[in-house]
Amino acid sequence: MKQAILWAAAGCGFTFFMTAFGASVVFFFKKEMGKNIQRAFLGFAAGVMIAASVWSLLIPAIDQTVEAGKIGWVPAAGGFIFGGIFLMALDLCMPHLHLGEKKAEGPHSSFKRTTLLILAVTLHNIPEGMAVGLAFAMAAQHPEDASLYAAAFALAIGIGIQNFPEGAAISLPLRQEGMSRLKAFVFGSLSGIVELVFGVGITLVASFITPYMPWFLAFAAGAMIYVVVEELIPEANQGEHSNLGTVGVMAGFLIMMILDVALG
């Protein structure tokens, strides 16, 4: 268990570092990120999350269930549904503001636009952290299977790569809202801390949820797909030249698929 926590902390620490690395571009960009670049980055993040949901979460959930002599699709489908419902509930209960939008979603609040922007990113970082933590927890439960650790590392690398543009996509708008570069960097970086918290947190309780691990893997997948469909793909396809967002999705999916298959 201790080793699993350490690896999960390292994996989620890497994803957090990549968010901070992306947020650091606020020191080099004088203007906001170009719309075309932003579309491509958001699409890339969507592609990574779709591939990770399939290869790193749903397929292992099905395989584990079948190995236990049970019906493979039941926890995969059930967990997937619960994950989507969970993110939908957060979406409805937490005030937040998506990039490029003027009207906030969720319950009415007196929060500033900057706070609402940070909350929006925080929402979809929750399932990413859970996914990485669960992958390392599953690997720790099957130490004889080295491929599970490789798959967990592949997932952390993939999520980390897509966190770079994500960090930039939050720090630059915060700068445009009037924050200093330093504050925009700090808050852009901290938007990714939730991944570390949820990643390590789910690993801490992994020994208690071992019989239900397939359900939790599918839960993380459903939550990530909800984020992709609700937020990333619509934002990646706003306005003209939406094909850049589509290309980004395909590139992200391809890279994450290769990482998972090659390493896992």
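View 1. Partly exposed is the range between buried (under 20% relative accessible area) and exposed (over 50%), found with a 1.4 Å probe on protein chains only. F17 and F21 are four residues apart in helix 1 (residues 2-23), so about one helical turn separates them. Helices are DSSP runs of H or I with at least four residues, numbered from the N terminus. A pair of aromatic rings is described by the distance of the centres and the angle of the planes. For F17 and F21 the centres are 6.1 Å apart and the planes 10° apart, a stacked pair. Rings of Phe, Tyr and Trp (its six-membered ring) pair if their centres lie within 6.5 Å; planes under 30 degrees apart count as stacked, over 60 as edge-to-face and the rest as tilted.

**View 2. The tilted pair F27 and F185.** Here the rings lie 5.4 Å centre to centre, with 50° between the planes. F27 sits in the loop between helix 1 and helix 2 (35-67) and F185 in helix 6 (residues 181-190), so the pair ties together parts 158 residues apart in sequence. F27 is partly exposed at 37% relative accessible area, and F185 is partly exposed at 23%.

**View 3. A cluster of aromatic rings.** W7, F136, Y149 and F153 are linked by ring pairs into a cluster. The whole structure holds eight aromatic pairs.

**View 4. T15 and its contacts.** T15 belongs to helix 1 and is buried, with 0% relative accessibility. Leaving out residues up to four places away in sequence, T15 touches A156, I159, G160, N163 and E195; contact means heavy atoms within 4.5 Å.

**View 5. The second largest cavity.** This cavity holds about 60 Å³ of space. Ten residues line the cavity, and L87, D91, L123, V227 and E231 lie nearest its centre. A cavity is a set of points, on a 1 Å grid over the protein atoms alone, where a 1.4 Å probe fits but cannot get out; lining residues have an atom within 4 Å of a point. Helix 8 (213-236) is one of the helices that supply at least two lining residues, and helix 8 gives the most, with four.

**Notes.** Residues are numbered from 1 along each chain as its sequence is written. The model is predicted, with local features needing pLDDT of at least 70, side-chain atom pairs counting only at pLDDT 80 or more, and totals for chains, interfaces and linings using all residues, while side-chain values use heavy atoms, with hydrogens and water left out.

Notes
1 Å grid on protein atoms, 1.4 Å probe; cavity = no way out; pocket = protein on both sides within 12 Å on 5 of 7 lines; lining within 4 Å. Points joined across faces, edges and corners; volume = space filled by probe spheres on them.
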